[in-house]
Amino acid sequence: MKTKFILLASIALVASCSDPNMHKNDDGSYTVNTTEICPDIRGYNRRVPAAVTFKGDQIINVEILENKETPEYLEMVERQMLPKFKGIAISELNSIDGVSGATFSSRALKRNVETAAKYYQEKK
């Protein structure tokens with residue numbers, strides 16, 4: 001009986017720690033990968049997945065992951081939009097504007113970050 005309890009407790013612990021979309025970092029922050037949780041959010045060409053890192057109620061970092069967007073437009077988004085996310089409170093995400101000239105890519109990135117934030121708040 002005791003062995004069954006230990007086995008079930010171990011399985012429950014592993015199951016609770018093995019979220020393929022979010023992991024806890026050594027510094028206590030959490031990173032959410034939107035590749036699987038945002039399958040229908042598209043930029044101009046295809047999806048624009050991101051790795052979004054949170055600590056407390058703030059976004060610490062946003063990294064655009066491998067994608068098929070036009071490099072020139074994505075560079076505009078990286079240069080003009082990514083810095084706006086760093087240090088912003090999750091509750092203030094609606095204040096981030098897109099990038100003129102890269103509308104589809106910037107909208108897709110913002111929706112990925114918003115979805116990541118919701119996922120983080122539900123799962124942490």
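**Entry 1: a word to settle before looking**

I call a residue buried when its relative accessible area is under 20% and exposed when that area is over 50%. I also remind myself that this is a predicted model.

**Entry 2: the whole chain**

I started with the overall layout. The protein chain has four helices and four strands. Reading from the N terminus, I noted the order α-β-β-β-β-α-α-α. How much of the chain is buried? Buried residues make up 39% of its 124 residues. I also looked at contacts between residues at least 6 apart in sequence, and 52% of them join residues at least 24 apart.

**Entry 3: helix α4**

Next I picked α4, which covers residues 103-123 and so has 21 residues. From first C-alpha to last, α4 reaches 30 Å, close to the 30 Å expected at 1.5 Å a residue.

Which residues of α4 are buried? My list reads Ser105, Ser106, Ala108, Leu109, Lys110, Asn112, Val113, Ala116, Ala117, Tyr119 and Tyr120. A handy reminder for reading such a list: an α-helix has 3.6 residues a turn, so residues three or four places apart point the same way.

Then I checked what covers these buried residues of α4. The cover includes the strands β1 (22-24), β2 (30-33), β3 (50-55) and β4 (58-64). Two helices, α2 (71-80) and α3 (82-85), are also among the covering elements.

**Entry 4: α2 against α4**

I wanted to see how one of these neighbours sits on α4. The helices α2 and α4 pack at an angle of about 50°, and their axes are 9 Å apart.

On the α2 side, Tyr73, Leu74 and Val77 make the contact, and on the α4 side Ser105, Ser106 and Leu109 do. Sorted by class, the contact has four nonpolar residues, two polar ones and no charged ones.

**Entry 5: zooming in on Leu109**

Why does Leu109 count as buried? Its relative accessibility is 0%, and the cut-off for buried is under 20%.

What does Leu109 touch? Leaving out residues up to four places away in sequence, I found Ala50, Val62, Ile64, Val77, Met81, Leu82 and Phe85. I looked up Arg47 too: Leu109 and Arg47 are 62 residues apart in sequence, while their C-alpha atoms are 8.9 Å apart in space.

Methods. Residues are numbered from 1 along each chain as its sequence is written. This is a predicted model: local features need pLDDT of at least 70, side-chain atom pairs count only at pLDDT 80 or more; totals for chains, interfaces and linings use all residues. Side-chain values use heavy atoms; hydrogens and water are left out. The expected span of a helix is 1.5 Å times one less than its number of residues. Buried means under 20% relative accessible area, exposed over 50%, partly exposed in between (1.4 Å probe, protein chains only). Contact means heavy atoms within 4.5 Å. Axes are lines fitted to C-alpha atoms, for helices over the stretch in contact, and angles run from 0 to 180 degrees between N-to-C directions. Ala, Val, Leu, Ile, Met, Phe, Trp, Tyr, Cys and Pro count as nonpolar, Asp, Glu, Lys and Arg as charged, and the others, Gly among them, as polar.
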